[in-house]
Amino acid sequence: MVLLENDSFLTELTRLFQKCRTSGSVVITLKKYDGRTKPVPRKGHAESFEPADNKCLLRATDGKKKISTVVSTKEVIKFQMAYSNLLRAHMDGLKKKDKKSKSKKTKD
């Protein structure tokens, strides 16, 4: 997995969306990131680790290529605006829901 800067992550995500436009899918995950690179031990003495800054980890993959970035709280607004514009631009390939299956379920 490649850890990128925020701007380069958005450009690579654009390339992933363009590559998967006709067939395939892009999976995006988002989670809280505390800066740890090693897992927390289950038993024994628990170390008290206090992150100095709340961060967010974004990952994207098309099944073959994986990219990721870490967004800090100072950059969230700027990144969120650019990310939402990118999603709006590339969300036109979604499939419509089948209305017949929905009406059959309500009758039963």
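**Salt bridges and overall architecture**

From the N terminus on, the elements of the protein chain run β-α-β-β-β-α-α. The secondary structure comes to three helices and four strands. Both are DSSP runs numbered from the N terminus: helices are H or I with at least four residues, strands are E with at least two. The model is predicted, so that local features need pLDDT of at least 70 and side-chain atom pairs count only at pLDDT 80 or more, while totals for chains, interfaces and linings use all residues. Residues are numbered from 1 along each chain as its sequence is written, and side-chain values use heavy atoms, with hydrogens and water left out.

The protein chain has 108 residues, of which 22% are buried. Buried means under 20% relative accessible area, exposed over 50%, and partly exposed in between (1.4 Å probe, protein chains only). The accessible surface of the protein chain is about 9300 Å². Carbon and sulfur atoms account for 54% of that surface. Areas were computed by the Shrake-Rupley method with a 1.4 Å probe; for residues, only the protein chains shown count as cover. Contacts (heavy atoms within 4.5 Å) were also examined by sequence separation. Among those between residues at least 6 apart in sequence, 65% join residues at least 24 apart.

Three salt bridges are present. The criterion is a side-chain nitrogen of Lys or Arg within 4 Å of a carboxyl oxygen of Asp or Glu. Glu12, Arg15 and Lys65 are linked in a network of such bridges. Arginine 15 pairs with glutamate 12, with the closest N and O atoms 2.5 Å apart. These two residues are three apart in helix H1 (residues 6–19), so about one helical turn separates them. Arginine 15 is exposed, at 51% relative accessible area. Glutamate 12 is buried, at 15%.

Lysine 65 also forms a salt bridge with glutamate 12; here the closest N and O atoms are 2.6 Å apart. This pair links distant parts of the chain, 53 residues apart. Lysine 65 lies in the loop between strand S3 (55–61) and strand S4 (66–72), and glutamate 12 in helix H1. Lysine 65 is partly exposed, with 37% relative accessibility.

Aspartate 62 bridges to lysine 19, the closest N and O atoms being 3.0 Å apart. Aspartate 62 sits in the loop between S3 and S4 and lysine 19 in helix H1, so the pair ties together parts 43 residues apart in sequence. Aspartate 62 is buried, with a relative accessible area of 16%.
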